[in-house]
Amino acid sequence: MTLGAVERDRKIQDALDRVSMDEPHWTFEAAGLYLEKLYEQAAQTRGYSAANKYDDFYGLIYGLSRLGIYSKDLLEAYSEEEIRLLGKEIAPERDELFNYIGLFLLADRYLAKDYDGRVWELPQERFLVIAMTLMQKEPKVRRLELVKEAYWAMSNLYMTVATPTLSNAGKSFGQMSSCFIDTVADSLDGIYQNNWDVARLSKDGGGLGVYYGKVRALGSDIRKFKGNSSGVIPWIRLLNDTAVSVDQLGQRQGAVAVYLDVFHKDIMNGFLDLKTNNGDERRKAHDIFTGVSIPDLFMQKLQETDENGRSVGEWHTFCPHEVKQVMGWKDDQGNLLGLEDFYDETDHKYFTEKYEEAVNHPLLARRSFRAMDVMARIMVSQLETGTPYMFYRDEVNRQNPNKHLRGIGKTSIYCSNLCSEIAQNMSPTEIIKEYKDEEGNLVTVKKPGDFVVCNLSSINLPRAVQADVLSRLIPIQLRMLDNVIDLNTISVGQAEVTNQKYRAVGLGTFGWHHLLALRSIHWETQEAVEYADTLYEEIAWYTIRASAGLAEEKGAFSEFQDSEWHTGSFFERRGYNSERWDALRRKVAASGVRNGWMMAVAPNSSTAKIGGSTDGIDPLYAVEYAEEKKNFRFNVTAPDLNHRTYDYYRRARHVLDQKWSIRQNAARQRHIDQSISFNLYVPHTIRAKELLELHLEAWNCGLKTSYYVRSTSQEEIEACEACES
C-alpha cells in the first residue's frame, strides 16, 4: 500500500469518526474519499489512469468475459459498437449520490472482482451491466433505449434490484430470483425431494419458505401400522442441517423458514419450541425460522371468555394424514383433502365447517388445548427468538387474485416465504414413477407442483416520490422484473415451470420513514395512515397499468382467463371505482396483465442503505446509531437529517403504540396484491395481554402476514439478504 493510500484510509476513518447527529454530512466526505480508492484500484487492475474515473467499458466486459467472471451472453447479444455507445451513457457524477455505508456495501458485496479479489467493476458499470443483462432479449429496434432507461432508474438510485440480481446479473454464476416457496408432500419421496431442492436453491443464493402442514404428525400410522410416524420435527431438523451445510455462494449459510398450521398436531409438540433455548436439544432447529399459519377461527377462539373475563376458547389439533383417512373429503379429481385445503370466505365459512365436522367426528383423534395457551406459547417464542411469523391464511386466500384455479373455499396459498411478503399459489410436486429408458438410464417422472418463485425490486420512495418520477420509473422497473423471469436459470425444474406459468413479480418500496420525515409527517398520526393509502394506491395503479401494457406487447400470463384480474373482482373488492380505475379495469379485461402477481414489499436492509434511505416500511428508532456487521462498524445518522427533519425521526424513538404502525400497514396492504414484510417492535417488558392486543389488531385490520417481533431482549436478528431489493 502506498503512502497516499495509507493517508487516504486514515482520512476516511477520520471522516467516519466525525459522523454524528451534529455533522451528518461527513458520511459523504468519507464516501468521496472511498470513491477515489475504488477508482485507483480499478485503474490499476485494468491498466488506465485513475484520473479518468471510468475508462473503457467494452474493455471491462471483454476482460471479465475472458476470465469467466462475466457470462459470454453480453458479448454475444451486443455488438462492440453497441457496447461502446452504451458506455458513453455512464454518468460518473452519480457516484456522488452514495453515502459511505451505501458505497461500502455496494463495493464489498456486489461489484465484480477477479479470482484474486481485485476490483474491476465500478458502481455505474454495475448498474449498466445489470441494465444490459435484463434488456438483452428485447427487440433490437428499441433495446438500447430500454437499457438507457433502466440505467437511468438504477444510477439515480430511484430503485434497487433484488440482491441476487444486483450481485449476479451479467455474471457467469448464480441466479437472479430472490426466494422460493415449496409445499412438502406427505411421503418419504416428497420430504427428500424438498430437501434436495432446498440444497440446490440454497447453493444458488435463494432463500426458502417451506410448508410442512401436509406431513403427518408424531404417532400417526405409516402403512396402517399405528404409532410409527416420527412427526415433522426430525424432518425439520434435517432441513436445518441442509441449510447450515449448503451455504449461499460461499458467503453465508442457507436461509429457510418452515411454516406449520396452528391446527396441526405437532404445533404444541415441539414446533413452537424449535428455536428456543430451553428443552431437549435433540428436538431443536436453531438455524431455521418458523412461521404459523392461522385461520380466522383461531383468532376468534382467543376472544371467547366466561363471565369472569377468563379466556375459555378451546382449540383442537389434528394429524393431517388421519384427517384425510377418517373424514374422506375429496376434490373434483378424487384426491383426498385435509383441513389445510379449506379457507373461510367472507360469505361462507368453508374451513370453519370442516373444522367443526372434524371436531365432532367420534373416530378422529385430536389434541385439545385452550386457544390462549397455544397463543401464549407463540408469544413466548416470539419474545425470545423473534419468530414464529404470523400468516393469516383466510385473509391471504380471500384476497388472492388467482384463486380461480382451485375454486372458492379451496386453499391455494398455504404459507409465505422467508420474509413473509410473498403470497402465491402453491401445491406439492409428486413423483409419479421411475423407469429405465432404452439406454439403461433410470428416469424419474415428476408431476410439478406450483413451486413459488419471487422476483423482487423496490422503489426508493424518498428519491422517486420527491423527484416525481413514479410514472416514468414503474414501467421500466416492471419490465426489468418481467425480463428476469425469461433470463433466469433456476436449478429446480418445477420452480422454472411455475415462474413461467404465473410470471409473478414483487414490486415493493423502501424508505417510508425517510419519506415521512421529508414530508413533515409524524409517525403516530392519521395523516401518515392516509398518506400510506394515497401513495400505495398510486403505486398500484402505475404497476397494474405497466403490466397491462406489457401484456399488450408480449401477451398475458397463461392463467389470466377467469382470474380476478380478468373478471374485475380484484378492482371491485378494493373499491377502485374512479374514472381512471374504471378505464384501467376495462383495459385489463381486454388485453390481460403480464404478471399473475405484481406487488410485494420486502424487508430491504442492505439495499436500502445502498439507496441512502431507511429500511423497508420500518420506523428508524434512533437519529444516530452504529451500523455493525461481521466486517465493519461505523456511525450512521438518519438520512437527510437536519433541523427540519430531526423531530420526525426523534419522536419515532418513543413510538410505543405499535397500533399506528399496524394501521399504516393496513392502509398499504389494501393496494398490495401479495403481502408486506412487517415487523412489530416491542419492549422486552411488554405484557402478554399487550402483545396479544397487537396481534388481534393486525388480524382485525386485515393484515395478511407479520414478520419478526423485535424485542429489546433479543440479540440482533439477521435480515434476509435474499429478499432485499
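1. A salt bridge here is a side-chain nitrogen of Lys or Arg within 4 Å of a carboxyl oxygen of Asp or Glu. By that rule, R503 and D482 meet in one at 3.1 Å, N to O. R503 lies in the loop between α19 (493-502) and β15 (506-510) and D482 in helix α18 (residues 470-487), so the pair ties together parts 21 residues apart in sequence. Both residues are buried (under 20% relative accessible area; exposed is over 50%, partly exposed in between; 1.4 Å probe, protein chains only).

2. A word on the source: this is a predicted model, where local features need pLDDT of at least 70 and side-chain atom pairs count only at pLDDT 80 or more, while totals for chains, interfaces and linings use all residues. Residues are numbered from 1 along each chain as its sequence is written, and side-chain values use heavy atoms, leaving out hydrogens and water.

3. The salt bridge count comes to 49. R663 pairs with E697, with the closest N and O atoms 3.7 Å apart. This links distant parts of the chain, helix α27 (residues 659-669) and helix α28 (residues 688-700). E138, R142, R479, E553 and K554 form a network of salt bridges.

4. Helices (H or I, at least four residues) and strands (E, at least two) are DSSP runs, numbered from the N terminus.

5. For the cysteines, a search of the whole structure finds 0 disulfides, taking a disulfide as a pair of cysteine sulfur atoms within 2.5 Å.
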